[in-house]
Amino acid sequence: MQKIHATTILAVQHNGQVAIGGDGQATMGNTIAKSNVKKIRRLQDGKVLTGFAGSTADAFTLLDRFDEKLNAYSGNMKRAAIELAKDWRTDRFLRRLEAMLIAVNKDEILVISGTGDVLEPDHQVAAIGSGSMYAQSAALALKKHAPHLTAEEMVRESLTIAADICIYTNHNLVIEKIG
């Protein structure tokens, strides 16, 4: 059985605002399985936004665990992410999960992976998924050359550029913001 995967998730922090967005495409092998998947989720009454790439079932398992960690650590996103990464790396069940997460709050962006990494990106731009390098490159260029844009506008334009280039990314975008 082939796994359903492929996506592009992008988060940008700019001028006091944080936005995260993702496309809606899920693929199974070289076939589009679904075109309107919602890969962005609000946690902690909207104080934390997450986006996922990879296997959908695995990502939802990780989102549930991350939400539990956020509750256990009073909404401290960095501490919750570190604890999730430690569990993900050491737990027999979790370490088999194939997904990545981006988590944002009003102050920070974190990339969380199954290798035990919790990364704070340079330049307040983070991207995961098959179209990530296209979206990240576009966002970095917009931050440098179009600083008048909002974080939400940067995410939308960057994901649109990624969707124009990456066959695993589509134009059905979901974008959420904080700030």
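E152 is partly exposed, with a relative accessible area of 23%. R156, at 39% relative accessibility, is partly exposed as well. By that term I mean a relative accessible area between the two limits of under 20% for buried and over 50% for exposed, computed with a 1.4 Å probe on protein chains only. The side chains of E152 and R156 meet in a salt bridge, at 3.6 Å from N to O. The criterion for a salt bridge is a side-chain nitrogen of Lys or Arg within 4 Å of a carboxyl oxygen of Asp or Glu. Both residues belong to helix α4, residues 151-165, and they stand four residues apart, about one turn of the helix. Helices here are DSSP runs of H or I with at least four residues, strands are runs of E with at least two, and both are numbered from the N terminus.

A word on the basis of these values. The model is a predicted one, in which local features need pLDDT of at least 70 and side-chain atom pairs count only at pLDDT 80 or more, while totals for chains, interfaces and linings use all residues. Residues are numbered from 1 along each chain as its sequence is written, and side-chain values use heavy atoms, with hydrogens and water left out.

Let me continue with the salt bridges. How many does the structure hold? There are ten salt bridges. One of them pairs K39 with D23, whose closest N and O atoms are 3.2 Å apart. K39 lies in the loop between β5 (31-34) and β6, and D23 lies in the loop between β3 (17-22) and β4 (26-28), so this pair ties together parts that are 16 residues apart in sequence. Are these two residues buried or exposed? K39 counts as buried at 4% relative accessibility, and D23 is buried with a relative accessible area of 0%.

Another salt bridge joins D107 to K106, with 3.1 Å between the closest N and O atoms. Here K106 is exposed, its relative accessible area being 56%.

I turn now to K78, which lies in helix α2. K78 is partly exposed, at a relative accessible area of 30%. Which residues does K78 touch, leaving aside its neighbours within four places in sequence? They are E108, L110 and E120, where contact means heavy atoms within 4.5 Å. K78 and I167, for their part, are 89 residues apart in sequence and 33 Å apart in space, C-alpha to C-alpha.

Next, the helix pairs. Two packed helices are described by the angle between their axes and the distance between the axes. The axes of α1 and α2 come within 8 Å and cross at roughly 130°. Axes are lines fitted to C-alpha atoms, for helices over the stretch in contact, and the angles run from 0 to 180 degrees between N-to-C directions. The helices α1 and α2 are therefore oblique to each other. On this scale, angles under 35 degrees are roughly parallel, over 145 roughly antiparallel, 65 to 115 roughly perpendicular, and the rest oblique. The crossing of α1 and α2 is right-handed, which is to say that the near helix is turned clockwise from the far one by less than a right angle. On the α1 side, L62, R65, F66, K69 and L70 take part, and they meet M77, A80, A81, E83, L84, D87 and W88 of α2. By class, this contact of α1 with α2 has eight nonpolar, no polar and four charged residues. Nonpolar covers Ala, Val, Leu, Ile, Met, Phe, Trp, Tyr, Cys and Pro, charged covers Asp, Glu, Lys and Arg, and the others, Gly among them, are polar.

In the second pair, the axes of α3, residues 132-145, and α4 come within 8 Å and cross at roughly 140°. That angle makes α3 oblique to α4. The crossing of α3 past α4 is right-handed. The contact is made by Y134, A135, A138, A139, L142 and K143 of α3 with M154, E157, S158, L159, I161, A162 and I165 of α4. Its residues divide into ten nonpolar, one polar and two charged.

Finally, some loop residues. Q44 is not a glycine, yet has a positive phi of about 55°; Q44 sits in the loop between β6 (40-43) and β7 (48-54). S74, also not a glycine, has a positive phi of about 50°. S74 is placed in the loop between α1 (56-72) and α2 (77-90), and is exposed at a relative accessible area of 73%.
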